[in-house]
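Please examine the model displayed here. The paragraphs that follow proceed from a pair of helices to a single loop residue.

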Amino acid sequence: MAKTIMIQGTASNAGKSLICAGLCRIFAQDGLRVAPFKSQNMALNSAITADGLEMGRAQVVQAQAARVRPSADMNPILLKPTGDSGSQVIVSGVPRGTMSAADYYKYKKALKSDVLAAFERLSAAYDVIVIEGAGSPAEINLKDDDFVNMGLAQMTRSPVLLCGDIDRGGVFASLYGTVKLLEPEEQALIKGLIINKFRGDVEILRPGLEPLEKMTGKPVLGVVPMIDVDIDDEDSLSERLTGGGKVGLIDIAVIRLPRLSNFTDMNPLERYEQVRVRYVTSPRELGEPDLVVLPGTKNTMDDLRWLRESGMEARIVRHASRGGAVLGICGGYQMLGEEVSDPGGVEGGGAMRGLGLLPAKTVFFGEKTRTQVSGVFEGAEGVFAKMRGVRFEGYEIHMGATESGGENILSMRDQNGAEKRDGLSRGNVMGCYVHGLFDKGECSAALLGCLLERRGLTAELAAVDWADYADAQYDKLAVALRKALDMDKIYDILERGAEQ
């Protein structure tokens, strides 16, 4: 059975996911078979496994860092918010329906067996499991039937490292307060503290560490600096969505939809020094970019309504009418069509006019398409004509089906070998269902080449696959964590477990 170590945080976005990814890479580098595990993840960034199951993107990243194939067992429960108070509930990679928060908390007790079964399968197959908590263990209103934070640590007898975010301020209070809000038996599971996202000279911080250790009774195992690594983000708390970004030859404006999902599709484009990717929320921010991207969304109809009411739709249509390039992915592709309809009430029912930039109509139904795909661009035209013949890999994850009024531009096979066609192109507008389209360097470089050519520019574009780039980032993360953390003590905690 695997040894375990759990990273919990004083709050959401304290850096748990990154610490877990770094530990996964360190243990893998040291010759251990390691797997990540997060019992319940709430995020709109997800991915499809090789067996057609859906899981949170953060655990995919951690699996890649561990150099193992992602499995839905690593994230047995995924909650994908559909609005302010409801989420689609995905269990062991398969949707179980959409529930309100109140209904889910009544239902979640029945999911404990699914969580433990997934954990036990991983435990039998790996040497080490790096477990990530969710939110904070000090959310005392949520402690009943907890299998995410301390409840899971108790069930799996896992030692816990508690991580606090100093960049937000108040890290001493948040670490102390979190420990003291826990029951004595829960406090006993915490074997060390980590101060994360530190900027500046650590010697200035050091006088506060010893008092913190005395007050909490827990050793500080390291002060982790703000690490400059480029790794896929878990959710919409990502700083990518708020920063203005660099100035580049190519300006890509991604519409930041209220229910934005899988914005990681754009990450491979950001790494090119010639490219600026920015996320915009209002018509005045749009400007005159080289490419407007309508990304994925958890609720196409609600976000289409937001586009219309915010005035963003009119700006996108005007941009397209002037010859500006527009790309829609998944829900964004659906919006670019002539109509989206929901006769079964999957997204609330009714029908809506689309942007009318592509000859397509989408109908929603209850079954979700979940598959990995690979193929080639065959029929791109206009601005995107030079994409023809370019190969790609990615995955589909969407509700509904789109009936095309034109020739599909993508020829591909799914993970079972079945042939499929997808996507449309009309002049300067293109759309398809494939996420991860630009992860292959050949595909991202081809897109950017099209945009440069449209402006009469040329530039050297080194086509590096995102997987190779990300692998180097995991190594960089591991180097930084080895330097910042007391890995000898962490290995000792791992070896001795929760009973020390």
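Helices (H or I, at least four residues) and strands (E, at least two) are DSSP runs, numbered from the N terminus. The model is predicted, so that local features need pLDDT of at least 70 and side-chain atom pairs count only at pLDDT 80 or more, while totals for chains, interfaces and linings use all residues. Residues are numbered from 1 along each chain as its sequence is written, and side-chain values use heavy atoms, without hydrogens and water.

Just after α12, Gly311 adopts a positive phi of about 90°. Helix α12 itself spans residues 300-310, and its buried residues (under 20% relative accessible area, 1.4 Å probe, protein chains only) include Thr300, Met301, Asp303, Leu304 and Leu307. These lie on the same side of α12, because they cover an arc of only 165° around the axis, taken from the directions from the helix axis to the C-beta atoms.

Helix α13 (residues 312-321) packs against α12 at an angle of about 85°, with the axes 4 Å apart. The two helices are therefore roughly perpendicular, a class covering 65 to 115 degrees. In contact (heavy atoms within 4.5 Å) are Trp306, Leu307, Arg308 and Ser310 of α12 with Met312, Glu313 and Ile316 of α13.

Elsewhere, Asn45 occupies the loop between β3 (40-42) and β4 (46-48). Asn45 counts as buried because its relative accessibility is 1%.

Methods. Buried < 20%, exposed > 50% of the residue type's maximum accessible area, 1.4 Å probe, protein only. Axes fitted to C-alpha atoms, helices over the stretch in contact; angles between N-to-C directions. Parallel < 35°, antiparallel > 145°, perpendicular 65-115°, else oblique.
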